[in-house]
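Morning, everyone. I have one structure to show you today. Please take a look at it first.

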Amino acid sequence: MTVMPRPSILSVEPYVGGESKVPGVNRIIKLSSNEGAFGPPPGAIAAITQAAKEAHRYPDGGATALREAIGARFGLDPARIVCGNGSDEILTLLILAYGGEGTEIVMSAHGFLMYDLAGRWAGCRVIKVPEKDLRADVDGLLAAVGPRTKLLFLANPNNPTGSILPQSELVRLRRGLPGDVLLVLDSAYAEYVTKPDYDPGQALVDAGDNTVMTRTFSKIYGLGGMRLGWCYAPANVVDVLGRVRGPFNVSGAAMVAGIAALAEPGWIEASVAHNTEWRGKVAAALEAAGLKVWPSEGNFLLVDFGVAERAKAADAHLRSRGLIVRAMGSYGLAPCLRITIGTAEECQMVIEALGEFTRNG
Ligand code: PMP
């Protein structure tokens, strides 16, 4: 006899990510995880260095100073903010608290992978709703909600498709949900959005007691390696998260790095401007080279090569030049590659490499 986990655990493939080497290639440019183009803000680097001197101390389990800094920056009540070891942890804790065996969670077919993963860890049935043109379908999502549904996840903008729903559609989604289903609006890429009629979710959280907005320091704030995320939630959900959260779930270094990053709005603004400029330039260049690029409001582009073999060949070509991008087979989008918007030089390299690839057939 062997000790066995719950059956749904074995349906999950172990995660192998963060690939950073290509045999025979010296200079690697990683554009596969939607990390900030410019690294951490300078103030955050100084804060992390300083925090190292206190590394023997447990951090503040309540993340008080960080919650206050987030509250001040976004005009939110710090008592309604919960911080986590990346927003991944918050998403997982929500499923742990509200989901479990015998329950269902609803998401878009090409929604963020973490909902499916954490749903399976918890033994939930995960219902994936087809999109329309890779854009979440509010009517389909609502139609998939049944008596066992406990959570509905929507990333806005969505990773990996880059698509967003306007605020009016989000309001319709929330209004259409039964009061005992938690709507989780994952706004990891909120800062990059340039379209009007967009709200990361604050207004919807304030409108009731069953909507949560999750955010991250991993993208525009350049702190993916620190693992820092947060959510803004109604008081009832804050109470529940307080019960399932580990006592010291956010490190001291992550907390001071987050506070320092929030104190550099100019740096963030410049990063957003860079992303808007180069997202447009890369998309236009790849389209001019004959490739289909899905419209994106994030810091990445989903590039469609039509068939899986061609995407694979393009991936190999990019790799031979040291450019690591994300293959999309695990998302059920094998004909596509997802490419993060890096520095100007990195973007130029992508444009040149894919131009060369398309010219050579
Ligand atoms: N949500 C979405 C949509 C994401 O793309 C990511 C990062 N890949 C996350 C959440 C998780 O971010 P983190 O755990 O680094 O905060």
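This is a predicted model: local features need pLDDT of at least 70, side-chain atom pairs count only at pLDDT 80 or more; totals for chains, interfaces and linings use all residues.

First, the overall build. The secondary structure comes to twelve helices and 13 strands. The C-alpha atoms fill a box of roughly 60 × 55 × 50 Å along the principal axes.

How do the contacts run along the sequence? Take the contacts between residues at least 6 apart in sequence. Of these, 74% join residues at least 24 apart.

Now to helix 12. This helix covers residues 344–359, which is 16 residues. At 1.5 Å a residue, helix 12 should span 22 Å. Its end C-alpha atoms are 22 Å apart, which agrees.

Which residues of helix 12 are buried? They are Cys347, Val350, Leu354 and Phe357. Looking down the axis of helix 12, the buried residues fall within an arc of 90°, so they line one face. Why does such spacing work? An α-helix has 3.6 residues a turn, so residues three or four places apart point the same way.

What covers that buried side? The cover includes helix 10 (265–288) and helix 11 (308–320). It also includes strand 11 (323–324) and strand 13 (336–340). Now turn to the face of helix 12 that points away from its buried side. There we find the exposed residues Glu345, Glu356 and Arg359. After helix 12 comes Gly361, with a positive phi, near 90°.

Next, a single residue. Gly242 sits in helix 8, residues 235–244. Is Gly242 buried or exposed? Count the other C-beta atoms within 10 Å: there are 10. The cut-off for exposed is 12 or fewer, so Gly242 is exposed. Leu93 is 149 residues away from Gly242 along the chain. In space, their C-alpha atoms are 9.8 Å apart.

Last stop, the ligand. How many residues surround the ligand? There are 13, and the closest are Gly86, Asp88, Asn159, Thr216 and Ser218. By class, this shell has three nonpolar, eight polar and two charged residues.

That is the tour. Thank you.

Definitions and conventions:
Residues are numbered from 1 along each chain as its sequence is written. A residue is near a molecule or strand if its C-beta atom, placed from the backbone, lies within 6 Å of it. Ala, Val, Leu, Ile, Met, Phe, Trp, Tyr, Cys and Pro count as nonpolar, Asp, Glu, Lys and Arg as charged, and the others, Gly among them, as polar. Helices (H or I, at least four residues) and strands (E, at least two) are DSSP runs, numbered from the N terminus. Two residues are in contact if their C-beta atoms, placed from the backbone, lie within 7 Å. A residue is buried if 20 or more other C-beta atoms lie within 10 Å of its own, exposed if 12 or fewer, and partly exposed in between; C-beta atoms are placed from the backbone. The expected span of a helix is 1.5 Å times one less than its number of residues. The arc is that of the directions from the helix axis to the C-beta atoms.
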